[in-house]
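These are review notes for a reader who is meeting this structure for the first time. Please read them alongside the model shown here.

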Amino acid sequence: MPSRLLWKSSRRYLTRHPWLMGLSVLGVALGVAVVVGIDLANTSADRAFQLSAQRLTGKATHQVVGAGEGLPASAYRRLRTEAGYRASAPVVAEYVQVLGAGRPFQLLGVDPFAEGPFRPYVGGGGAGDSAGVDLGAFMGGEHTALLAAPTARAMGEAPGDTLTVTVDGAPRTLRVAGLIEPRDERARRATRNLLVTDISTAQEVLGMGGPQGGQLTRIDLILPDGEQEEKRAKQRLQQALPPGAQVRRSDARTETVEQMTRAFSLNLSALSLLALVVGLFLIYNTMTFSVVQRRPLLGRLRALGVTRREVFTLVLGEAVLVGAVGTACGLALGMGLAQGLVRLVTRAINDLYFVVNVQEVAVSPWVLAKGAALGMGATLAAAFPPAREAARAKVSVVLQRSRAESAAQKWVPRLAWAGGGVAVLAGALLLAPSQSIWVGYAALFCALLAAALLAPALVVAIARALRPVMEKLFGVLGKMAARGLRQSLSRTGVAIAALMVAVAATVGVGVMTKSFRQTVESWLQYSLQSDVYVQPPSLVFRRSTATLAPGTADTLAGVKGVAGAHTVRRVEVASSAGPTQLVAIAPGPETRDTYRLKSGNAGAVWPRFRGGKKVVIVSEPYSYRTGVGVGDTLRLQTDRGRAGFHVGAVFFDYASDRGVVTMSRATYDRFYDDRRTSGVALHAVEGLSADSLAKRVRTAAPPGQKLVVQSSRGLREASLKIFDRTFAITNVLRLLAVVVAFIGVLSALMALQLERRRELAVMRAGGMTPGQVGGYVTLQTGLMGLTAGLLALPLGMALAYVLIFVINKRSFGWTLQLEASPGILLQAVFLALVAALLAGAYPAWKMARENPAEAMREG
Amino acid sequence: MKTASPTNGRAADESPRAPLLRVRGLSKAYREGDTERTIFEDLGLSVAEGAFAVLMGRSGAGKSTLLNLISGIDRPDAGTVAVGGTELTALSEKERTQFRRRHIGFVFQAFNLIPTLTALENVLLPLELSGGAGEREEKRARRLLGEVGLEDRAESFPDRLSGGEQQRVATARALAHRPRLVLADEPTGNLDYETGEQVLGVLTALARESETTLLVATHDRSALPHADRVLDLEGGRLSEREGVGKQENGRAGKRAKKAET
């Protein structure tokens, strides 16, 4: 261990260079903050979803679900009477919008007498949970509901008050019959967004009523422990159930839903790591600088008998300090950042996947520990090479600064070779026969590392090439600026690499987003061929399974000016390939044009599809995710039991990353008892504009049924708006990476300034004006920015390629067309230039104002 | 003039006593691009304990290189260096460093004080590195600072001291841990004549007082009157000037006899 005096010397060095340490700490802090912020936002969304799943599932171990969207209530009666299974409870559940609350609530319809063992807070056996509940009024009253007491207080509601909820756009009223007083924090959270009603009220509100008790969402069960007992109970239950109904584990659905967002969360986490990677360059830069600047000092210490190990420990010790302070700040900052990010993440999940209501950021110690480990790990990893260099330097040559640079120059070819090697590794990872997103990201990070290692050699080449140009344009100052880039390569190289990585990430993500948007835009163009689209309001934009009130489709088809109407029905069904979104369409003559097939013969498949044969077509993401392709047989759970459907084609579709299976309405009606519709597409008669028809449709909507009526243009715009909203978080991450890189450049330039004090003071003493010094520094900074920008272009395009054709494909299964507009590329070079010039402004000013006498004395 | 090299490894010392420093057959060359520049070849030297030897030579003659090899900072291409019976060339890097911290003191041309430590802390550093960090060590460091006339500057950082003051602190630091050998590389090179004289006076006085062997590489002739022996390094050869310096036998011989009794 280094002696007390060595630590003291080290500490004084750090405190004498507060900006150097400050920027380093900031770099670590920002990197950690972004990672922790994203992680907390993701886990908060997960936690919120799990909570809502738990509050619905309660203590149920299993549940009975139907083939499609519901289960006849008669199944429950049979279960209790014929199978004699008492540990069961019927459930009707759906999300509804509560007027004035500004967020969706879960409407839970239950049978209070059966609830006891399942959800104690609902009543029955749950004494103490429901305060002020007049069970008689609740059971016997018309349209009554229970609400959590804290929620009611926040909304200013009391027992007896009336709530208005909207379901699929139709308003319904409920009377608050009582309040649920949660016993603890867990119960408080579980009941925060819950509306409890009896079964018949829920059915009525949700439009699930009907003959013989209507429909249930599911039946909850508590099956006995033990594999054999469970198996026997399942068999007994299955016999009493209608065809198509299934008994499955309660957590099966939670798992499925969580799987939906897995790729989404993973991509966000990987992008957040980018900020940390850029931060890593910054730490490396600082530590290298602190070592290079102290070479003579370290040499003196070594001459006095300080061992290599002690020097190594000393430098690494400083990194530990920087890392610890930076990480601590990063964790605090990350918690703050999560507050903003959680909103973006929640909105994206709600737009794309399912309803999740995140009220607060759940600060998980595990996430914080992970962030701390990453921050410290990254700092130590970045500090390791300079610490090693400091320890291994030969004492006899270490006292000379120029030797340090010539050593750095000597490393350039070696680094370039290493970069080539890492690039080959990146290529090998990309070519590896794997579907793993992690492998994709490993390749991406290898590509970044390879570029960073190659950067010094490229900087030398670019500086050499630019020198005559700079000389011609700016005279001797220009020549000096270009030469300085090469002479101080150990600093300029790292700063340029950091900026290059950040800007390349901007280019890569930008090109990916742009390509994605272009692809989606062109897909919307050909897939939205009807004039007007009508659907009930839905809480999830892309996965609407909401239904129109019966008769609405016919009413709308009869509106004057409608030349043709096709209905759409979306349901979730079980299949041999896992839970599946099934879309039933009534195809019109132009339907064929709205589908672009990736594989399959359009001429062969469409006649059979229209003819109501057992044929389905599947979307590209579905095919990619499940491995189901043309010619395969997909077994779907139907109301007639399990049935096999021939897969006739795979089509391009960008509506859902889970993918869909599409069948004709005629086929759907043969296999499912469900007669509802989720939406209608209308064609206007010749001469009538889409907007005019949309206006007519709005006025023709049945009373009480709120409809979302959009012209094809409106729908296209709305879809793209959602698209842009989903990518808002990506843009935030891009920006943060650039901010970290900016700090990196600033830190590198400040380091250079400190190091060149003497040199510039000599120039000043020799007659260089302060303006010329400032100009010299600015020129060099601009050159650094330009170099970084130019190097970022090929790297950014490579990143875009990996993101589009590897990461996106493996995450979501979409085929995108790469679109790189010159605008984005020019923007990138401009961004690098501006970032570098801004970062260089202060050092330039400071260098110009330096007192030459003081600098020469201290330098 | 007596030629010390080439000597096929024989030392330039004729002293009958066992020397503290013994260098045999030392060779060193540096690569400069494709060519190799030989600094010296088959060099021999020995210096008795307690002696003060001056190594003269032009810039680039290899004086600093020789000091680096003697201290174990650098390794020779061939030959051996032994200090007090320990053959440094046979030691590992770590062992050489640990040997250096206990037995060798350094004074550099550019002072080379640690800028982040005060004058007192600079003097304390070798003591602490040798394992002592108590009150006794601090007392010794203060006493040494007093002896070089800087007791009142103990808490000053190097950038607040003049060149002469810095070199006096460096002198105190070099002797603080009672090394057996002090190597000084152009200790007056950055100082004016008068200050250089003062520093040299302090250095030799302290070294003689503690009977420390002193080898000073310089081209400053003012060092010669203080020296026991004067060696010239030129063209890769080491030779001893006769009739210059006090000859080490006088002082060191007395001490050797004292040790025998």
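**Notes on the interface, aromatic pairs and selected residues**

1. The contact between the chains takes 26 residues from chain A and 27 residues from chain B, where contact means heavy atoms within 4.5 Å. The model is predicted: local features need pLDDT of at least 70, side-chain atom pairs count only at pLDDT 80 or more, and totals for chains, interfaces and linings use all residues. Residues are numbered from 1 along each chain as its sequence is written, chains are lettered from A and ligands numbered from 1 in the order in which they are written, and side-chain values use heavy atoms, with hydrogens and water left out.

2. About 2,500 Å² is buried between chain A and chain B, 55% of it on carbon and sulfur atoms; buried area is the accessible area (1.4 Å probe) that two parts lose on being put together, summed over both. On the chain A side, Leu5(A), Arg300(A) and Leu304(A) lose the most area to chain B, together 26% of what that side buries.

3. Six salt bridges are counted between chain A and chain B (a side-chain nitrogen of Lys or Arg within 4 Å of a carboxyl oxygen of Asp or Glu). One of them joins Glu310(A) to Arg101(B), with the closest N and O atoms 2.5 Å apart. Which elements give two or more residues to the side of chain A that touches chain B? They are α1 (4–16), α11 (295–303), α12, α14 (395–398) and α29 (852–858) of chain A, helices being DSSP runs (H or I, at least four residues) and strands likewise (E, at least two), numbered from the N terminus. With eight residues, α1(A) gives the most to that side.

4. Arg16(A) lies over the face of Phe157(B), 4.7 Å from the ring centre. Within chain A, the charged end of Lys614(A) sits over the ring of Phe645(A), at 6.0 Å from its centre. The rule asks for NZ of Lys or CZ of Arg within 6 Å of the ring centre and within 35 degrees of the ring normal.

5. Over all chains there are nine aromatic pairs: rings of Phe, Tyr and Trp (its six-membered ring) with centres within 6.5 Å, called stacked if the planes are under 30 degrees apart, edge-to-face if over 60, and tilted otherwise. Phe312(A) and Phe384(A) have ring centres 5.5 Å apart and planes at 85 degrees, so this pair is edge-to-face. Phe312(A) lies in helix α12 (residues 308–352) and Phe384(A) in helix α13 (residues 365–392) of chain A, so the pair ties together parts 72 residues apart in sequence.

6. The rings of Tyr595(A) and Trp606(A) are tilted, because their planes stand at 50 degrees, with centres 5.6 Å apart. Both residues are buried (under 20% relative accessible area; exposed is over 50% and partly exposed in between, with a 1.4 Å probe and protein chains only). Tyr595(A), Trp606(A), Phe609(A) and Phe651(A) form one aromatic cluster.

7. Leu682(A) is in strand β21 (residues 679–684) of chain A and counts as buried, at 0% relative accessibility. Its C-alpha atom is 6.6 Å from that of His566(A), 116 residues apart along the chain.

8. Most residues other than glycine have a negative phi. Asp42(B), in strand β3 (residues 35–48) of chain B, has a positive phi near 55 degrees. Glu211(B) has a positive phi of about 55 degrees and lies in the loop between α6 (193–209) and β9 (213–218) of chain B.
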